[in-house]
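Visitor: I would like to learn how to read a protein model step by step. Could you guide me through this one?

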Amino acid sequence: METNYFALLPLVFLAAMAGFFVWMIIRKNRRHGAEAGKSAIYATNCTGTVGWITYKGVFLRLAVYAEFLVVACNRVYYFPFSEIMHIERHNFLFRRGYRIHHKNPSYPQRIEVWPENRDAFEAAIAGKTKII
């Protein structure tokens with residue numbers, strides 16, 4: 001009796017995809033060294049774009065602290081408020097979010113976040129950086 005290994009291919013594919021999603025969630029939850037021992041004023045999982053990659057729902061973490069802002073996905077992006085030139089309100093089709101304009105040349109220029117609770121996000125960054 002011969003075994004048809006190609007029949008197992010969908011199961012292998014599903015297991016690989018599940019592993020990839022778990023890996024993405026674990027990477028998003030990594031913390032920057034500056035976050036150690038501090039509690040965020042505002043923190044959420046949201047949709048966003050970093051560079052050319054769009055992250056949906058649970059794959060992007062946005063956190064606002066008293067001195068800095070963190071966007072975490074496959075990499076942790078740390079923005080002291082002195083590096084943020086301004087945060088622009090940005091609309092695209094039905095999405096309403098924010099584009100972060102920053103001075104760090106090693107980070108992608110296009111960083112957009114679309115948090116669910118825009119009022120809470122704006123209240124957390126009020127007075128720390130300019131929102132246009």
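**Cysteines, burial and overall form**

Guide: Let us start with disulfides: a disulfide is a pair of cysteine sulfur atoms within 2.5 Å, and by this rule the count here comes to zero. Cys 46 is in no disulfide, since the nearest cysteine sulfur, that of Cys 73, is 10 Å away. This is a predicted model, in which local features need pLDDT of at least 70 and side-chain atom pairs count only at pLDDT 80 or more, while totals for chains, interfaces and linings use all residues. Residues are numbered from 1 along each chain as its sequence is written, and side-chain values use heavy atoms, with hydrogens and water left out.

Visitor: Does Cys 46 count as buried or exposed?

Guide: Buried means under 20% relative accessible area, exposed over 50%, and partly exposed in between, with a 1.4 Å probe and protein chains only. Cys 46, at 3% relative accessibility, counts as buried, and Cys 73, at 0%, counts as buried too. In the protein chain, buried residues make up 39% of the 132 residues.

Visitor: How many helices and strands does the protein chain have?

Guide: Helices (H or I, at least four residues) and strands (E, at least two) are DSSP runs, numbered from the N terminus. The protein chain has two helices and nine strands, and along the sequence they follow the pattern α-β-β-β-β-β-β-β-β-β-α.

Visitor: What box do the C-alpha atoms of the protein chain fill?

Guide: Taken along the principal axes, the box is roughly 75 × 40 × 30 Å.
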